[in-house]
Amino acid sequence: MIGTRSRALATRVVDHAAIAHNARRILDGSGTELMAVVKANAFGHGAVAVSRTALAAGATWLGVATIDEALELRAAGIEAPIFAWLVDPWVDLRAAAAAGITVSVANLDTLAAIDFPIDVHLELDTGMSRGGCSPLEWGALCAAAAVSPARITGVWSHLADASLLGDRNVDGALSAFRDGVVAAHAAGLDPRWVHLANSAGALAHPATALTMVRSGAALYGIETVTGAEFGLEPALRVTSRVSQLRQVPAGTGVGYLHAWVAPSAATLALVPVGYGDGLPRALSTGGSVSIGGHRFPIRGAISMDQLVVEVDASVALGDEVVLLGDGRHGEPTAAEWAALTGTIPHEILTGLGARIGAVESEARS
Ligand SMILES: *Cc1c(COP(=O)(O)O)cnc(C)c1O
């Protein structure tokens, strides 16, 4: 056992069967094209490998935030349509155009900087007040787009909230979007792709699916609709190993500031992962890990690189420690971490650090 594992102290393993299952689930639910959103390294799952899995499962587009993310997929040999939506007036889009990347344009300044052919989807703000063109300027943007060298192949928007069942949750955005599409046609544009829905829209509000849905969270098994489950499967497993075991007497303070003091004699296991790896320090209270199918509590403050768990005699040096998994065997999930730390699973998954070893792929066991 000693000296037999890889150098990484913690490893992430991606279950690509789960990703494929989730992609098919979204496609079945929406009945439209699927853009697999693989931004932020596919929510920590590995963008290139997830892209290949999602495309094989039926996705027809890949979605990323930045041009650099899009170019990385192209550099890996992925030829599918790719959409990148974080485009500002100063970004040089020539590399994107050369690589056949479709980009988002949401304002006249960005459009004016495009003096060469490139595929563009125009973004309308339908109530989120984040990106997107204000409805007040939409007509002018469409008119300018109609005479731009850019090829306008799509019109899109993003839902601020599709988390509740019942269409009143999305009605306003959907009707604003439909108006925007009508205005685009009136300006002489003929967008082939018209897309609004994220994961929650795709699964809970089929009316928002239009010609394509952009789904990230659901692809990674995150359920984002309140009070509904869509049978999605978490795909990421993060493991480490017990790297030291020790007995301590009652009254022993553990970790920085002795935030936990053993009330009785205890067995402590050291796990070489900490908040520097993206394990939220707020899990110091209430967080636990799974070893040998049993839960054991984190004790004391999580350090940057290490944490301490109180275990029992069943645990041996070198045992696998499951920090995060799909929960099917009682292991903690990203949803559990998020609930314990007051955030959403998306932040947990994208926050996992680079020291957590190279993304590996694994078939469902
Ligand atoms: C992140 C993102 C998505 C994916 O949203 P999910 O809720 O993760 O499905 C879709 N579109 C845009 C513009 C995004 O930023």
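**Why these labels?**

Author: Happy to, and keep in mind that this is a predicted model. Let's start with a glycine: leaving aside neighbours within four places in sequence, G351 is in contact with D277 and G278.

Reader: Why is G351 called partly exposed?

Author: Its relative accessibility is 34%. Buried means under 20% and exposed over 50%, so at 34% G351 lands in between and counts as partly exposed.

Reader: Now the active site. Which residues carry that label?

Author: UniProt, in an unreviewed entry, places the feature "active site" at K39 and Y256.

Reader: How do you know that they don't all gather at one spot?

Author: They span 218 residues in sequence and the farthest two C-alpha atoms are 35.7 Å apart, so these residues do not all gather at one spot. Of these residues, K39 is included in the lining of the largest pocket.

Reader: Are K39 and Y256 buried or exposed?

Author: Take K39, which lies in helix α2 (residues 39–44). Its relative accessible area is 30%, so K39 is partly exposed, between the 20% and 50% cut-offs. Y256 has 59%, and because exposed means over 50%, Y256 is exposed. You'll find Y256 in the loop between β12 (253–254) and β13 (260–261).

Reader: What do they touch, not counting residues up to four places away in sequence?

Author: K39 is in contact with G63, V64, A65, E69 and W85, while Y256 touches A301 and S303.

Reader: And the inside of the protein: which residues have the most contacts inside the largest nonpolar core?

Author: That core has 112 residues, and those with the most contacts inside it are V38, L93, V103, I118, V120, L122 and L323.

Reader: Why do you say this core lies between domain 1 and domain 2?

Author: Because domain 1 (31–220) and domain 2 (236–359) both give residues to this core, it lies between them. There's also a second, separate core of eight residues, with V248, W260, L270 and V308 among them.

Reader: What does L122 touch, not counting residues up to four places away in sequence?

Author: Its contacts include V105, W138, L141, C142 and A145. L122 also touches I152, G154, V155, W156 and L189.

Note on methods
Residues are numbered from 1 along each chain as its sequence is written. This is a predicted model: local features need pLDDT of at least 70, side-chain atom pairs count only at pLDDT 80 or more; totals for chains, interfaces and linings use all residues. Side-chain values use heavy atoms; hydrogens and water are left out. Buried means under 20% relative accessible area, exposed over 50%, partly exposed in between (1.4 Å probe, protein chains only). Contact means heavy atoms within 4.5 Å. A nonpolar core is a set of buried Ala, Val, Leu, Ile, Met, Phe, Trp, Tyr and Cys residues joined through side-chain atoms within 4.5 Å. Domain bounds come from an automatic or database domain assignment. UniProt positions are given in the numbering used here, feature names are shortened, and annotations may be inferred rather than shown by experiment. On a 1 Å grid over the protein atoms alone, a cavity is a set of points where a 1.4 Å probe fits but cannot get out, and a pocket is an open set with protein on both sides within 12 Å along at least five of seven lines; lining residues have an atom within 4 Å of a point. Helices (H or I, at least four residues) and strands (E, at least two) are DSSP runs, numbered from the N terminus.
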